[in-house]
Amino acid sequence: MAKKSISAKAQQAVLKKINYNVSGIDISSEEMFIAVIEKEVRKFSTFTFGLKQASDYLKAEKIEKIVMEATGIYWIPIYEHFEKEGFVICLVNGAHAKNVPGRKTDVLDSEWLRELHTFGLLRGSFIPRQDIRELRYYVRLRDDHISMAATHINLIQKNLDMMNIKLHKVIESVTSKSGLLIVNAILEGERDAGKLWDSCKDYIDSKKKAEVILSLQGSYSPEYLFGIKQALGMWHQYQVLQEQCDKEIQRLLNSMTKELPAPKEIQPAKQIKRNAPEIEGFHNLMTKLTLGNDTTAIAGINDYSALKIIAETGTDLCCFKNEKFFTSWLGLAPSVHQSAKKNNKKGRRHCNRAGMIFRHLAVNVGNGKHTALSSFYKRIRSKSGKMVAIKATARKIAVYFYNLMTKGIAFVEEGIKRYEARYLQQQEKFLLHKASEMGYKLVKS
């Protein structure tokens, strides 16, 4: 029987307008182009007076929604200005519309953005609320200071190596209490290895005495000592800057948790080994910020890592429909880019900042020994490699975090033995099923 022909009308795809009173804005460093329906595109300055003129123009045209591309950092002051003016803003990734032909100038860019958003063809980026964005700025700035301080630690170690002094090879760090005592004594002119040991012996295991004394024997060159002095001074300066960031973070956390109810029960805080913020009642503030949901119960997460995650995602994750949307936004979801038999790896998505935080947590969990997640990490690593194991473990941690923040589902550490026993049961069930399909019968020895 011949197939019925499909009418031309049925073959036509129909797009319906779902967004009305929309304006498209294309942004550059000094000017922006605003497109409104049935009006010529107008150009405004990105200076503050130009933003005020633009908002007055949009209000006069009864515009309610604005769509703009995320162009470097130029969009930030414009977004914040129009947000304060009460407009609904859709910030889009420029890659979503960049390959459409026929757009040769900025004017056509703004018109095209408006047209696409009118038909609902653009997806807005995730932008947290204002106080979370402020918190994110301080946390990122603090991380920058930590990174720069680490650069100067490397310079200190480099100069020590050039003098053939191997102190940093035998103690934990040259910026530990013992390391700073020795380095400061050297800069003050002390060269006797025995006296240098005496200055820090209360903080180092006595078994390391001989090794530390041998490591301090070298050629104390004045130019390298000058380099150490400058690098140490910069390291101290970055410690001051970190403390200032900590004060701003504490002020903001106190403001954000002021009206929130006190949690009924607070579990003991996990130890933060490195770069711990100097924030009074840090664990209590973080528990209160998450409405009593203790994020540190999740393997690998402490209060500082939870602060960095919340600074990127906020505390309200309901904008993500489920954990799959959340992990996809993080860049942790498995993806397949395949057309017919051709596998295209170019479309592979990279992690954003929040995704990278979860990946770092996964590495720390994988180096552990007493959790089910560490056992999961090692099993995946042995089968698929380190990078796959990091991504899979990071995704698991992210799912636990999402479920805790949206549904209040607490993480329960089941332990390695219970995890491995459950895994063996799954494997046994799988083998029995396969043997049954092939007509075999398995018998335990």
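The model is predicted, with local features requiring pLDDT of at least 70, side-chain atom pairs counting only at pLDDT 80 or more, and totals for chains, interfaces and linings using all residues. Residues are numbered from 1 along each chain as its sequence is written, and side-chain values use heavy atoms, without hydrogens and water.

Begin with the aromatic rings. The whole structure holds 13 aromatic pairs; rings of Phe, Tyr and Trp (its six-membered ring) pair if their centres lie within 6.5 Å, with planes under 30 degrees apart counted as stacked, over 60 as edge-to-face and the rest as tilted. Select Phe82 and Phe87: the ring centres are 5.7 Å apart and the planes stand at 85 degrees, so this pair is edge-to-face. Phe82 and Phe87 are both buried (under 20% relative accessible area, with exposed over 50% and partly exposed in between; 1.4 Å probe, protein chains only).

Next, select Phe320 and Trp329, a tilted pair because the planes lie at 45 degrees, with centres 5.3 Å apart. Phe320 is buried, at 8% relative accessibility.

Turn to Lys308, which lies over the face of Tyr304, 5.0 Å from the ring centre (the criterion is NZ of Lys or CZ of Arg within 6 Å of the ring centre and within 35 degrees of the ring normal). Lys396 lies over the face of Phe376, at 4.9 Å from the ring centre.

Finally, select Asn21, a non-glycine residue with a positive phi near 55 degrees. Asn21 is partly exposed, at 39% relative accessibility. Asn275 also has a positive phi, of about 55 degrees, although it is not a glycine; Asn275 is partly exposed at 38%.
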